[in-house]
Amino acid sequence: VAMIRDPLPYMIRVNVDYAHSLNYMCRIGEFWDFHKSKVEGNTGFYFVRSNRNTVKLWADAFAAAPKYPRLDDQAIFWKVIRTSRDPQVLPIGKCRHFNSADDLAHLYRHHGHEHAANLVSCSLDTCVFSSGMISNVYEPEMTYETLQANLQKLNETMCTMHANYLSGNEKKMQRMKDHGFWLAIKDENGQYGDKCAEYTPHVPSSPAPLIGANGK
């Protein structure tokens with residue numbers, strides 16, 4: 001994950017315990033359902049507030065690992081969080097401050113929660129916290145140029161770039177280099193030291209169409 005600017009203002013929210021990125025490409029107006037979507041939250045980049053509920057949830061995820069020897073850590077974690085009853089998980093959609101008693105009561109009724117002992121989660125914007133948009137796999141139309149066009153439409157700028165949807169460190173490293181996100185420099189012995197290149201934003205060579213939730 002390349003961090004282009006400070007992500008904390010987006011991630012640290014009032015009364016939110018767990019803020020996470022998504023394994024979902026940047027689309028305008030996309031909707032992600034915590035319980036029903038096949039897309040999982042990404043365990044490679046997230047913020048978690050340490051408290052009784054989060055400690056319990058992570059302990060449950062570790063304890064569940066031996067039951068699913070063929071699954072990776074992300075798949076196991078999302079099996080656990082989506083079925084957790086202690087703590088109950090209250091997803092509020094896209095990340096925002098959560099300090100309204102009216103909103104709280106509405107969400108409790110909507111999700112069938114009866115008390116306030118919940119772990120509140122939210123998802124980060126899929127354009128600002130980009131996932132897979134430099135991979136050029138699965139969905140060829142979802143390019144870095146498309147990401148830039150959608151960010152412009154949102155009047156936003158990128159915060160992080162995650163080089164996922166690629167297998168192997170070399171492929172991820174090369175894509176990061178291609179788009180100017182890999183700044184580490186090797187020394188004369190071929191080892192990465194304490195020197196880094198200067199970040200220069202990659203400017204798309206040609207405009208791309210805006211991609212909405214329906215792929216158009």
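Predicted model: local features only at pLDDT ≥ 70, side-chain atom pairs only at ≥ 80, totals over all residues.
The chain comprises 216 residues, of which 43% count as buried. Its secondary structure consists of 6 helices and 9 strands. Contacts across the sequence are a further feature of the chain. Among contacts between residues at least 6 apart in sequence, 73% join residues that are at least 24 apart.

The buried residues are Q74, A75, I76, F77, W78, V80, I81 and R82. Their packing partners are the strands β2 and β3, the helix α2 (52-64) and the strand β4 (88-94). Two of the buried residues of α3, F77 and W78, also belong to an aromatic cluster, in which ring pairs link them with Y18, W32, F34, Y46 and W58.

Helix α5 covers residues 144-154. Within α5, the buried residues are Y144, T146, L147, A149, N150 and L151, and they pack against β6 and β7. The helix is followed by N155, which has a positive phi, near 55°.

A pair of aromatic rings is described by the distance of the centres and the angle of the planes. The structure holds 14 such pairs. One of them is formed by F45 and F129; the pair is tilted, with 5.9 Å from centre to centre and 35° between the planes. Because F45 lies in strand β3 (residues 41-48) and F129 in strand β6, the pair ties together parts of the chain that are 84 residues apart in sequence. Both partners are also buried, each by the under-20% criterion: F45 has a relative accessibility of 12%, and F129 has a relative accessible area of 2%.

A second pair, Y144 with F181, is edge-to-face, at 6.0 Å centre to centre and with 70° between the planes. This pair links distant parts of the chain, for Y144 belongs to helix α5 while F181 sits in the loop between α6 (169-178) and β8 (184-186), 37 residues apart. Y144 and F181 are both buried. Another ring takes part in an arrangement with a charged residue: R27 lies over the face of Y24, at 5.6 Å from the ring centre.

A search of the whole structure finds 1 cavity of 30 Å³ or more. The largest cavity has a volume of about 50 Å³. Its lining is made up of V1, S21, L22, F45, F129, S130, S131, T160 and H162. F45 and F129, the partners of the tilted pair, are thus found again among the lining residues. By residue class, the lining divides into 4 nonpolar and 5 polar residues, with no charged ones.

The lining can also be described by the elements that supply it. Strands β2 (18-22), β6 (129-131) and β7 (160-162) each supply at least two residues. The largest share, 3 residues, comes from β6. Strands β6 and β7 are also those against which the buried residues of α5 pack, and β2 is among the elements that pack against the buried residues of α3.

Methods. Residues numbered from 1 in each chain as written. Heavy atoms only, no water. 1 Å grid on protein atoms, 1.4 Å probe; cavity = no way out; pocket = protein on both sides within 12 Å on 5 of 7 lines; lining within 4 Å. Points joined across faces, edges and corners; volume = space filled by probe spheres on them. Helix = DSSP H or I, 4+ residues; strand = E, 2+ residues; numbered from the N terminus. Nonpolar A, V, L, I, M, F, W, Y, C, P; charged D, E, K, R; others polar. Phe/Tyr/Trp six-rings, centres within 6.5 Å; stacked < 30°, edge-to-face > 60°. Buried < 20%, exposed > 50% of the residue type's maximum accessible area, 1.4 Å probe, protein only. Lys NZ or Arg CZ within 6 Å of the ring centre and 35° of its normal. Contact = heavy atoms within 4.5 Å.
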